[in-house]
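Reader: Please show me how to read a structure such as this one, starting from its confidence scores.

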Amino acid sequence: SGKWTKAKAILRELEEKCGTPTGMLLQVADAMAVEMHAGLASEGGSKLKMLISYVDNLPTGDEKGVFYALDLGGTNFRVLRVQLGGKENRVVKKESDVLSIPPHLMVGSSHELFDFIAAALANFVATEGEDFVLLPGRQRELGFTFSFPVKQLSLAFGTLIKWTKGFLIEDAIGQDIVGELTKAMERVGLDMHVTALVNDTVGTLAGGQYNHPDVIAAVILGTGTNAAYVEWANAIPKWQGPLPKSGEMVINMEWGNFGSSHLPLTEYDQSLDAESLNPGEQIFEKIISGMYLGEIVRRVLCRLAEEASFFGDDIPIKLRIPFIIRIPVMAAMHHDDTADLKLVGSKLKDILEIPNSSLKMRKMIVEVCEIVATRGARLSAAGIFGILKKLGRDTVKKGEKQRSVIALDGGLFEQYSEFRNCLKNTLKELLGEEVSESVNIELSKDSSGIGAALIAASHSQYL
Ligand code: ADP
């Protein structure tokens, strides 16, 4: 009937507009490498901020002693301590705890929030057992993972640019976050030194490299997306400081804000962006990351409902609710391998209150999920290929045994297997068979916390 013809036309158009042929991905990767250069050349030189992390010394494995980490990036925060035993013994012991931030503290005063965090940290320190050995006369040291936009001025000094993710504490904006935490620790009588303030991608890079020395970059694919990598310090024209001894500097790309005329954007992306809290910003993130993929699918289903009466004469009311299709639901529908797509049927019923979907409808919905996820995964691979290109790691020279490992973390990569497999296959496709043998992607689950502790160790005040 006309309904299916129209629906099929909408789907074919979606497929075409979301298409990511290899040639396009190569252009995207080139654009990524070009923007990386521009962002390193000057402040504000690119949409890619290419933030200098001040981490110029990634952990080598020689680190020894007890170190702490604190991870604040959402409604939960994590505290962690490790006993590092050097090359021989590595991580001798690790303990951690997760606490949630009471909602009223997310919108209160800086003083109250940091008092709460410092008190929780003090409680955690009080449970330190005898197997954690602090050398006599030494202060405990902490790596602080803080996943909000910060203007960093040194390894342990950074001012908050703005809050995101439901936090709004006006009096903290513009303040040095390390100073705020340090003052609160003093107020609760906790003797601890904040050695490093790090973004979660930078922590993941450090934690990843500790396990795999060939790790050269870290990518987060979760609610949002971002990447960090190791750059030659003399390849950062905007860096005014002295050249670090290592010759290296970790760069936090803030790649979610990447944009390029080569990106395959659709009407659905345009309306999603226009109605978002940050129109015009984070365009790469909006077509790739976990927060948005389900919402793109919802927008396609809305059009199918409106123009092809896909769900019958009426448009399901629930389908009108922005962000109602969350990524775990999208992934579950996409992964449904039952013959009659039973899971898709039950998600449609439970989430969208569409009780009797036909197999034909279900199949088309899976196809929408597949098209949207495939585009995101292939573009993520193009971004990674862009980093490899920038570093000259997209080729292998004869006789050279150079290996490149990318540490990946985040729920989207970890739990959405179709997305993960597509990303891996696409990266192989871009690199070619020979080079892809020297490039690996490793899941580096929750390594940002331990990474922050390791960065505190490799930048210890006692070194
Ligand atoms: P964050 O990115 O918020 O720091 P995580 O790395 O733990 O946190 O990733 C959590 C995110 O992963 C969720 O917000 C969601 O976007 C995504 N996610 C969670 N579960 C799934 C799933 N089953 N399939 C795909 N993505 C998922």
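Reader: What pLDDT does the chain average?

Author: pLDDT is the predictor's confidence in each residue, from 0 to 100. Where it is low, the predicted coordinates should not be read in detail. Here the chain averages 95, and 100% of the residues score at least 70. For the complex, the predictor gives an ipTM of 0.97 and a pTM of 0.94.

Reader: How many residues surround the ligand?

Author: A residue counts as near a molecule if its C-beta atom, placed from the backbone, lies within 6 Å of it. The ligand has 15 such residues around it, and the closest are Gly222, Thr223, Gly290, Ala331 and Gly411. Helices H10 (290-308), H11 (327-334) and H14 (411-415) each supply at least two residues of this shell; a helix is a DSSP run of H or I, at least four residues.

Reader: Is Ala308 buried or partly exposed?

Author: Buried means 20 or more other C-beta atoms within 10 Å of the residue's own, exposed means 12 or fewer, and partly exposed lies in between; C-beta atoms are placed from the backbone. Ala308, in helix H10, counts as partly exposed because it has 19 C-beta neighbours inside 10 Å. The C-alpha atoms of Ala308 and Ala9 are separated by 9.5 Å, although the two residues are 299 apart along the chain.

Definitions and conventions: Residues numbered from 1 in each chain as written. Predicted model: local features only at pLDDT ≥ 70, side-chain atom pairs only at ≥ 80, totals over all residues.
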